[in-house]
Amino acid sequence: MQSYINAIGTAVPEHKILQGYAAEWMCNALNIKGKEQKLIHTLYDATGIESRYSVLEDFLAEKENFGFFPNTDDLEPFPGVKKRMELYKKFSLPLAIKAITNCLEKTTTKPSEITHIILASCTGMYAPGLEIDIIEELGLNNNTERTCIQFMGCYAAFNALKSADYICRADENAVVAVVCIELCSIHFQKTPGRDTIVSNALFGDGAAAVLVTGKAKSGINLKLASFKCMLASEGKNDMAWQIGDSGFEMKLSSYVPDIIKSGIKNLTEQLLQNLGLGLKQIDYFAIHPGGRRILEVCEEELGMTKEDNCHAYKILRDYGNMSSPTVLFVINSILQKLSSADKGKKILSFAFGPGLTMESMLLEVVEG
């Protein structure tokens with residue numbers, strides 16, 4: 001048996017933040033002046049990001065008009081984990097519903113037909129959880145099966161899709177809704193240091209929903225052909241996501257692209273050799289845009305051009321890094337351009353995260 005992506009839906013919050021404004025906001029909020037202010041602007045400009053989205057209106061407001069952060073010179077008392085989790089609970093459900101609705105609108109599937117929900121998120125949690133709130137909001141059956149994948153970071157979508165694949169291969173009647181949602185911006189940190197500055201410059205909020213079944217629907221589908229994971233343990237301390245007293249804290253060292261560069265070719269060869277394929281038989285690439293340099297090292301190692309990687313650059317430019325939903329935005333960007341003429345074409349996808357974990361996936365274009 002096989003499993004298929006029938007449709008992908010995406011959603012972002014209403015507050016769009018231009019990257020230049022975000023740099024200026026950062027400097028004003030943290031009272032950064034002089035040479036350091038110029039460095040902040042240079043770093044933000046170098047990301048390749050033009051805009052990001054946030055559930056927080058504060059990122060578009062002057063300090064005296066903040067609603068979440070204190071309107072004090074030092075932003076003290078700085079919000080703690082409890083206050084940030086209250087934000088997550090408030091904003092995650094409507095954004096998830098928006099993504100799921102966008103997904104289902106592209107199919108004939110009704111919410112009542114969904115048999116499983118797989119939720120992936122690393123920016124918030126509570127119990128009873130978001131997956132239960134989704135079931136109640138959509139009016140799903142109370143026996144809908146639920147799986148939560150939490151704190152895996154940017155590569156979590158792959159593990160969610162693997163789980164959906166396992167379910168659909170075991171039960172041909174399963175209808176699985178995969179939901180990835182991250183509110184990265186609620187974890188803004190003001191501590192000095194490169195990791196904090198880079199995280200604040202890269203991450204935004206977003207959600208994606210994927211409908212996976214054991215049958216191809218009418219039109220274009222993506223067959224989940226194969227997965228391959230590789231753990232680069234030497235990068236264990238270079239990418240991390242910890243819960244601190246004032247929110248979730250990201251560690252993202254400058255060595256991450258080098259670690260990915262040293263392993264991406266081997267991972268690709270292992271995935272493709274199992275299928276009897278080579279890189280020349282890949283038609284599209286869907287790489288998680290964790291940062292511009294990550295995209296560049298993948299190009300260098302796999303012999304890709306920037307045009308080959310255009311969908312990843314587009315998502316990075318328009319949305320920044322949204323953690324787990326981001327690679328689904330990239331795949332959706334490709335999916336929207338496919339037609340009957342693309343039947344049989346192959347899409348190679350990657351995502352990276354704490355561990356250092358490198359995930360790969362091959363998708364095949366199928367017409368139902």
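Is Cys 148 buried, partly exposed or exposed? Cys 148 is partly exposed, with a relative accessible area of 38%; here buried means under 20% relative accessible area and exposed over 50%, with partly exposed in between, using a 1.4 Å probe and protein chains only.

Hi everyone, a word on the ground rules. This is a predicted model, where local features need pLDDT of at least 70 and side-chain atom pairs count only at pLDDT 80 or more, while totals for chains, interfaces and linings use all residues. Residues are numbered from 1 along each chain as its sequence is written, and side-chain values use heavy atoms, with hydrogens and water left out.

Back to the cysteines. A disulfide is a pair of cysteine sulfur atoms within 2.5 Å, and searching the whole structure turns up zero of them. Cys 103 is in no disulfide, its nearest cysteine sulfur being that of Cys 180, 12 Å away. Cys 103 counts as buried, at 2% relative accessibility. For Cys 148, the closest cysteine sulfur is also in Cys 180, 12 Å off and too far for a bond.

Now, the sheet. Helices (H or I, at least four residues) and strands (E, at least two) are DSSP runs numbered from the N terminus, and two strands pair if DSSP finds at least two bridges between them. We have an open sheet of nine strands with mixed pairing, in the order E5-E4-E6-E7-E1-E8-E13-E12-E11. E5 (145-150) and E11 (284-287) stand at the edges with a single partner strand each, so one side of each has no neighbour in the sheet. Further in, E1 (residues 4-11) and E7 (residues 205-213) run antiparallel, joined by seven bridges. Ile 8 stands opposite Val 210 in E7.

Rings of Phe, Tyr and Trp (its six-membered ring) pair if their centres lie within 6.5 Å; planes under 30 degrees apart are stacked, over 60 edge-to-face, and the rest tilted. The structure holds 16 such pairs. Trp 25 and Phe 69 have ring centres 6.2 Å apart and planes at 55 degrees, so this pair is tilted. Trp 25 sits in helix H1 (residues 19-29) and Phe 69 in the loop between E3 (51-54) and H3 (81-104), 44 residues apart. Both residues are buried. Phe 69 also forms a stacked pair with Phe 78, at 6.0 Å centre to centre and 15 degrees between the planes.

Which charges sit over Phe 78? Arg 84 lies over its face, 5.0 Å from the ring centre, and the charged end of Lys 190 is over the ring of Phe 78 at 5.5 Å. The criterion is NZ of Lys or CZ of Arg within 6 Å of the ring centre and within 35 degrees of the ring normal. Thanks, everyone!
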